[in-house]
Amino acid sequence: MKSQVQLDELEKIGGKIEEKKIEEKKLPELINVEGEVVLRFAPNPSGPLHIGHARAAILNHEYMKKYDGKLILRIEDTDPRRVDTGAYDMIEEDLKWLGVDWQDKIIQSDRIPIYYEYAEKLIKMGFAYMCTCKGAEFKKLKDLSNPCPCRDLETAENLRRWNDMENMPEGEAVLRVKTDLNHKNPAIRDWVAMRIVEYEHPRIGSQFKIYPMMNFSVAIDDHLLGITHVLRGKDHLANSEKQRYIYKHFGWDVPVFIHYGRLKMEDIQLSTSKARLGIKEGVYNGWDDPRLGTIRAIARRGITRAAIYNLMIEIGLKIADSTISWKKIYGLNRKVLEEAANRYFFVWDPSKVIIGNLPERSLGIIKRSMHPDFQDRGYRKIPFDGKVYLVDEDVKLHKYLRLMDAVNVYFKDKEAFFHSLSLEEARDVNAQIVHWVPAEDNLKAEVVMPDASVLKGLAEPSCADLKVDDVVQLERFGFARVDEVSEGKIRFYFAHK
RNA sequence: GCUCCGGUAGUGUAGUCCGGCCAAUCAUGUCGGCCUUUCGAGCCGAUGACUCGGGUUCGAAUCCCGGCCGGAGCACCA
């Protein structure tokens with residue numbers, strides 16, 4: 001018997017634990033918050049979103065909610081060669097699946113004239129010049145901190161070249177932003193703002209031939225859209241510095257740049273371009289192949305958005321790189337699924353067993369709860385007539401088996417016989433407790449595993465009532481998402497144990 | 001090579017700015033126990049980290065210098 005003092009102490013501890021659970025995982029405050037916080041998620045439409053995009057999307061979305069601010073979806077399609085027309089819709093679908101919503105959407109290819117306008121302003125202000133030097137020659141000069149011959153061109157000549165740019169072939173000229181030729185980092189020196197692209201844009205066609213470089217369009221748009229905080233990967237560190245020159249030249253306020261580290265994912269290092277190639281060559285079944293790190297692949301596997309959200313919030317915006325293990329994701333996902341997932345029997349590697357000596361009283365309809373912790377969800381009915389399929393390994397490895405909620409059997413000369421009925425008796429002989437499926441009344445089932453291999457077996461009859469996207473726990477097997485249900489057949493995608 | 005940035009348990013993360021309350025947080029994983037008609041969940045317990053070497057200081061995960069390791073950028077991609 002515990003003393004009152006001990007009980008009080010326990011309650012205190014319990015209370016503390018509760019509190020900690022509630023206050024779990026918060027994002028740090030943003031700096032320089034004055035007025036409305038405006039953020040953007042700005043993917044390049046080269047394919048569907050992957051787990052790396054999810055980080056940017058979720059963090060931006062979380063801050064939008066935290067500060068009751070605004071999130072803008074900006075599609076950055078200023079390189080006609082890197083545009084996949086299917087990606088525009090896929091990006092929005094993926095964001096919707098993630099539960100990320102946005103207030104405004106803009107597509108940069110709709111804004112080309114705006115970039116022209118600001119390019120011209122920059123030329124007139126003397127902060128940009130038209131450079132016709134060969135790339136290699138410019139680099140040589142740049143690396144020595146020397147100006148190229150075009151740098152000191154008169155404004156009038158720059159404007160003449162700028163207006164003539166449309167008549168030049170690709171590679172003939174670029175518009176450069178003046179920065180600092182003595183900048184320590186050669187990459188920052190006089191970077192390219194506009195270039196000629198002779199390639200039909202998949203979305204807007206051939207109406208333009210001059211396209212902005214990302215550093216230019218991004219800086220112009222971030223300012224025009226009133227972006228206050230820019231969250232981006234640390235691979236953009238140098239770009240942020242390049243973009244600062246645009247703000248400086250125009251006299252604009254610079255947003256807060258926040259750079260986070262690289263996200264590495266165990267077993268998945270596939271870039272969008274490699275994935276696309278793999279799909280084209282038939283190595284992968286599509287963008288949602290379970291081996292890929294795309295949002296849709298992860299979703300198809302029964303990973304919940306809540307798990308992805310929690311993961312991204314936990315990782316946060318650290319600039320140091322992070323490696324995510326599947327175990328981490330599974331652990332987070334299991335928390336969500338454990339409560340949500342109803343239980344069903346799936347027998348893989350099925351072995352038919354006919355049980356001898358069955359007493360009449362052991363036959364009938366077996367009822368088993370949908371979820372042991374939530375009896376109010378009701379139960380499934382599984383008819384038991386002595387003829388069942390069991391997992392082959394269970395049959396081979398054990399002398400005594402208890403078929404859950406039905407009977408205890410024993411094997412003699414590879415034949416199965418009735419032993420007893422109660423759980424207690426099963427315990428007395430150390431019977432292995434196993435799941436089973438009726439030999440007659442069942443569904444053909446297959447489970448697509450994370451490596452895309454397919455495990456075939458049989459599922460209990462009530463699986464016929466399942467709907468696509470239901471996530472269930474296949475007892476003694478693991479969590480799986482229902483991918484397709486048809487007459488007498490069901491297909492699952494395996495999530496994890 | 002040049003420029004910049006990092007390095008806390010297996011993994012993720014807190015703490016680092018403003019040294020002491022840090023013999024370092026929380027989560028996940030792993031192992032063990034209890035419970036249980038699932039290999040799940042829950043509960044209890046265990047496990048395990050400040051990259052290394054100097055320096056400053058009464059005192060360093062925290063500040064300084066150097067090494068090591070890792071990453072990013074160095075495009076007419078984003």
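Reader: In which loop does proline 461 lie?

Author: The structure is a predicted model. Proline 461 belongs to the loop that connects S24 and strand S25 (471-474).

Reader: Is proline 461 buried or exposed, and how is that decided?

Author: A residue is called buried when its relative accessible area is under 20%. Proline 461 has a relative accessibility of 16%, so it counts as buried. With residues up to four places away in sequence left aside, proline 461 touches Lys381, Ile382, Pro383, Pro438, Asp441, Asn442 and Leu443. Proline 461 and valine 437 are separated by 24 residues in sequence, and by 8.1 Å from C-alpha to C-alpha.

Reader: How should I read the pairing of strands, and which way do S23 and S24 run?

Author: Two strands are taken as paired if at least two bridges are found between them. Strand S23 (residues 443-448) and strand S24 (residues 454-459) run antiparallel and are joined by six bridges. Within this pair, leucine 458 in S24 is the bridge partner of lysine 444. Five residues lie between the strands of this hairpin, where alanine 452 takes a positive phi near 75°.

Reader: In what sense does S23 pair with strand S27?

Author: S23 pairs with strand S27 (residues 489-496) in the parallel sense, over five bridges. In S27, tyrosine 493 stands opposite valine 448.

Reader: What can be said of the pairing of strand S18 with S19?

Author: Strand S18 (residues 400-403) pairs with S19 in the antiparallel sense, and three bridges are found. Leucine 401 has valine 409 in S19 as its bridge partner. The hairpin of S18 and S19 has four residues between the strands, and aspartate 405 takes a positive phi near 65° there.

Reader: How many bridges does S19 form with S20, and in which sense?

Author: S19 and S20 pair over five bridges in the antiparallel sense. Lysine 412 stands opposite glutamate 415 in S20. Two residues lie between the strands of this hairpin.

Reader: Which phi does aspartate 413 have, and is this residue buried or exposed?

Author: Aspartate 413 has a positive phi near 50°, although the residue is not a glycine. Its place is the loop between strand S19 (408-412) and strand S20 (415-420). A residue is called exposed when its relative accessible area is over 50%. The value for aspartate 413 is 68%, so this residue is exposed.

Reader: Where is aspartate 190, and is it buried or exposed?

Author: Aspartate 190 is in the loop between strand S5 (174-177) and strand S6 (192-196). Its relative accessible area is 0%, so aspartate 190 is buried. Aspartate 190 also has a positive phi, of about 40°, without being a glycine.

Reader: How should I read the cover of a helix, and how many residues of helix H7 are buried?

Author: An α-helix has 3.6 residues a turn, so residues three or four places apart point the same way. Helix H7 (residues 214-224) is mostly covered, with eight of its eleven residues buried. The buried residues of H7 are Asn215, Phe216, Ser217, Val218, Ala219, Ile220, Asp221 and Asp222. Just after H7 comes glycine 226, with a positive phi of about 70°.

Reader: How many helices and strands does chain A have, and how is its overall spread judged?

Author: Chain A has 14 helices and 27 strands. Its radius of gyration is 31 Å, well over the 23 Å that the globule rule gives for 497 residues, so chain A is more spread out than a compact globule. Taken along the principal axes, the C-alpha atoms fill a box of roughly 105 × 65 × 35 Å.

Reader: What share of the residues of chain A counts as buried?

Author: Of the 497 residues, 51% count as buried. The accessible surface of chain A comes to about 24700 Å², and 49% of this belongs to carbon and sulfur atoms.

Terms used. Residues are numbered from 1 along each chain as its sequence is written. Chains are lettered from A and ligands numbered from 1 in the order in which they are written. This is a predicted model: local features need pLDDT of at least 70, side-chain atom pairs count only at pLDDT 80 or more; totals for chains, interfaces and linings use all residues. Side-chain values use heavy atoms; hydrogens and water are left out. The radius of gyration is taken over C-alpha atoms; the globule rule is 2.2 Å times the number of residues to the power 0.38. Buried means under 20% relative accessible area, exposed over 50%, partly exposed in between (1.4 Å probe, protein chains only). Accessible areas come from the Shrake-Rupley method with a 1.4 Å probe; for residues, only the protein chains shown count as cover. Contact means heavy atoms within 4.5 Å.
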